[in-house]
Amino acid sequence: MPNTRPGDAPTSWLDAVSVGLGAALVGRPLLFVAGSLIVGIVWADRVCPPVLPTALLGVFALALWGLFIWYDARWDGLVLCLAVALGGAALHSHTITPGARDPVHFADVREIDLTGTVQRVETRGRDGQRVVLRVHSVRCAGTEFDARGKTLCKLPSSPVVRAGHTIEASVAYLTPPDRAGNPGQQDNRGRLARRGIHTMAQAYEVRVLAVEPLRSSLDTTICLLREYIVTIFEKAMPGRDPDESKLYAHLLTAMVFGMRSADLPDAVEDAFRRSGTIHLMVVSGAQISIVALAIICLICGDRVRVP
């Protein structure tokens with residue numbers, strides 16, 4: 001990515017910035033691309049720009065970057081960062097903005113049936129199950145409507161559902177998450193919108209329609225893989241009886257993958273909270289560092305040097 005022609009010298013501070021940015025992009029391209037992507041996501045999270053104009057501006061900036069490369073212009077590095085930032089902003093704005101067929105448009109309707117695939121099981125306990133449901137259709141007043149979106153749904157404790165199950169849930173009503181009323185209060189609506197979830201529901205009846213979905217999302221595939229690993233832990237974990245082995249397996253799963261990945265009894269979670277050791281079941285920077293180091297070692301082999 002050349003930014004200067006032979007014999008050229010920066011004539012202003014703008015040209016100096018362009019030359020420096022171009023040299024930095026050549027040396028550390030992933031760092032600047034990732035930084036531009038983060039800047040675009042943060043901007044979209046604050047402003048929530050329209051998706052289509054932002055995406056078109058990103059495509060225009062990408063085409064302009066190609067022209068700058070073709071004509072060996074000085075500002076190609078800055079234009080590339082702008083294109084990446086606009087692309088990240090468009091993707092994030094698409095996530096936090098409800099679509100035309102999102103279930104949030106049925107928020108004022110009473111007594112509806114949701115049909116969808118369980119994408120992720122958030123929690124499971126004696127008082128029920130909380131899952132992320134990717135909704136396929138909504139039926140109300142005997143009429144079925146096509147829907148596309150996700151909702152955070154609380155289900156009864158029986159039947160037990162897992163990631164990938166296609167279910168039909170009868171709910172009293174859908175409601176948007178609460179906004180932050182005070183400066184120190186958590187903004188549930190914004191937090192869930194960043195995950196593409198714009199509604200919450202509580203079902204009083206659940207029917208499992210299919211165990212295997214026709215098409216699994218990446219999140220569902222990861223959840224199924226995690227459940228398979230938990231099954232391996234349960235078979236390999238020693239114990240005096242199957243219940244004890246299962247408890248040990250879920251403790252190990254919680255310490256490796258995080259507390260949401262394991263079906264721990266409420267008494268065990270309360271014991272960890274009272275003892276101040278609940279952080280052992282939260283994914284920490286040390287675990288991320290171990291995974292990152294393993295990936296680097298697999299890619300670089302013996303060329304990597306660990307201090």
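Is aspartate 113 buried or exposed? Aspartate 113 counts as buried, at 17% relative accessibility; buried means under 20% relative accessible area, exposed over 50%, and partly exposed in between, with a 1.4 Å probe and protein chains only.

Good morning, colleagues. What stands before you is a predicted model, in which local features need pLDDT of at least 70 and side-chain atom pairs count only at pLDDT 80 or more, while totals for chains, interfaces and linings use all residues. Residues are numbered from 1 along each chain as its sequence is written, and side-chain values use heavy atoms, with hydrogens and water left out.

Let me turn to confidence. The protein chain has an average pLDDT of 78, and 75% of the residues score at least 70; pLDDT is the predictor's confidence in each residue, from 0 to 100. Helices (H or I, at least four residues) and strands (E, at least two) are DSSP runs, numbered from the N terminus.

I return now to aspartate 113. Its side chain meets that of arginine 139 in a salt bridge, at 3.0 Å from N to O. Arginine 139 lies in strand S2 and aspartate 113 in strand S1, so this pair ties together parts that are 26 residues apart in sequence. A salt bridge is a side-chain nitrogen of Lys or Arg within 4 Å of a carboxyl oxygen of Asp or Glu.

A further salt bridge joins glutamate 168 and arginine 207, with the closest N and O atoms 2.9 Å apart. Because glutamate 168 lies in strand S4 and arginine 207 in strand S5, the pair ties together parts that are 39 residues apart in sequence. Glutamate 168 is buried, with a relative accessible area of 11%, whereas arginine 207 is partly exposed at 26%. Arginine 207 also forms a salt bridge with glutamate 205, at 3.0 Å. A network of salt bridges links Asp113, Arg139, Glu168, Glu205 and Arg207.

Next, the nonpolar core, a set of buried Ala, Val, Leu, Ile, Met, Phe, Trp, Tyr and Cys residues joined through side-chain atoms within 4.5 Å. The largest one has 21 residues, of which Leu114, Leu155 and Val171 touch the most other members. Strands S1, S2, S3, S4 and S5 each give two or more residues to this core, and S2 gives the most, with 5.

Finally, helix H4 (residues 76–96). Of its 21 residues, 15 are buried, so H4 is largely enclosed by the rest of the structure.

How values were computed: The expected span of a helix is 1.5 Å times one less than its number of residues.
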